[in-house]
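Dear colleague,

I am handing over the structure we spoke about, with the sequence alongside. Please look through it first, and then read my notes on what was found.

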Amino acid sequence: MQPRNMSMSGVVDLAAVKAAGEAKQKAEQTRAEAARNGGGAGAAAAARLIFDVDEAGFEQEVLQRSAEVPVVIDFWAEWCEPCKQLSPLLDRLAGEYAGRFVLAKIDVEANQLLFQQFGVQSIPAVFAVVAGQALPLFQGSAPEAQIRQVLDQLIQVSEQRFGIVGAPIDPAAAGTEGQADGQDADEAPEQPAGPYDSALGAAHQALDEGDLGGAIQAYKNVLSDDPANEEAKAGLAQAELLRRVQDLDPQQVRKTAAESPADAAAQIAAADLDLVGGHIEDAFGRLIDTVKRTAGEDREDARLRLLELFEVIGADDPRVTAARMALSRALF
């Protein structure tokens, strides 16, 4: 499975945080007070990258700590099978990012109040708290490449909008409570670097910095040597989507699409906006309807754009599976 809200919608959510200036000021005050007090609770907790949180400890472990470092929250439950795939990945990334964010794990069965307060609809669900502000990141499991993009954007926005930069921590020395796979961070086997890690890293950085042209070219360079590279395909699809929508007038695009349901180009543009806004099923449904009501080149354009959006979300997502079946019915 893949996230309900992709990293693009995460950017929108993060950029729209209210009272960012006030939160930033509060975070700076909290850090200053912690420094005067010799670090306080935040410094005492800084040795842990991954920890379990309950309702009693939420204020200290998450809200107070979020003034010093982005806190990512993993909502999980023992009976949740997708959680058993996502949680170990988040654990490993927390160790790899080495203090640029910390990972709080909340068992929804034991903490129903927190589950309700965050408005979680299904699990796994991943949120972040920065300077006391709750930010939805994504819902469901996801490929590692897309999770990295979400985390990188979170870290970037935390620094730029709130002035919060997590202090580097040595993962080998950090205690890690509540890991889903039961393995301490210092026992995790090192992952060998892949042949395209450097090129993919450059592509991810270009994407994070808004250099969409550079990101697109970097992903294409990887795919020219390794056409089956899933991380590069997903990154390329996302970068191309963001470039397509960056100069659109959303209000005009949606007005045109509403007035001209048979206009394939208008529906395709609106579908791009739907996906960037996190409305994945709406985007898929719009394009499938366009395939149904058009013919010839227009129909093919809608079909191809739908396939491109599938790449953004990922083949394992159940919504992609359902949309593929609906597309087959529309075509045949």
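In this predicted model, strand E1 (residues 48-52) and strand E3 (residues 102-107) run parallel and are joined by three bridges. One of the residues involved is Asp52, whose bridge partner in E3 is Lys105. Strand E1 is also mostly covered, since four of its five residues are buried.

The search for disulfides, which took in the whole structure, found one. It is formed by Cys80 and Cys83, with their sulfur atoms 2.4 Å apart, and both Cys80 and Cys83 are buried. The torsion about the S-S bond of Cys80 and Cys83 is about 85 degrees, and the disulfide is therefore right-handed. For background, a disulfide is a covalent bond that connects the sulfur atoms of two cysteines.

Salt bridges are the next topic, and a search of the whole structure finds 16 of them. In general, side chains of opposite charge can pair when their charged atoms come close.

I would start with Arg244, whose side chain meets that of Asp272 in a salt bridge at 2.8 Å, N to O. Because Asp272 lies in helix H12 (residues 264-276) and Arg244 in helix H10 (residues 230-245), this pair ties together parts that are 28 residues apart in sequence.

Glu308 counts as partly exposed, at 33% relative accessibility.

Another salt bridge is formed by Arg254 and Asp274, the closest N and O atoms of which are 2.8 Å apart. This pair, too, links distant parts of the chain, as Arg254 is in helix H11 (residues 250-259) and Asp274 is in helix H12, 20 residues apart. Arg254 is partly exposed, with a relative accessible area of 34%, while Asp274 is buried, with a relative accessible area of 4%.

With kind regards

Definitions and conventions
Residues are numbered from 1 along each chain as its sequence is written. This is a predicted model: local features need pLDDT of at least 70, side-chain atom pairs count only at pLDDT 80 or more; totals for chains, interfaces and linings use all residues. Side-chain values use heavy atoms; hydrogens and water are left out. Buried means under 20% relative accessible area, exposed over 50%, partly exposed in between (1.4 Å probe, protein chains only). Helices (H or I, at least four residues) and strands (E, at least two) are DSSP runs, numbered from the N terminus. Two strands pair if DSSP finds at least two bridges between them. A disulfide is a pair of cysteine sulfur atoms within 2.5 Å. A salt bridge is a side-chain nitrogen of Lys or Arg within 4 Å of a carboxyl oxygen of Asp or Glu.
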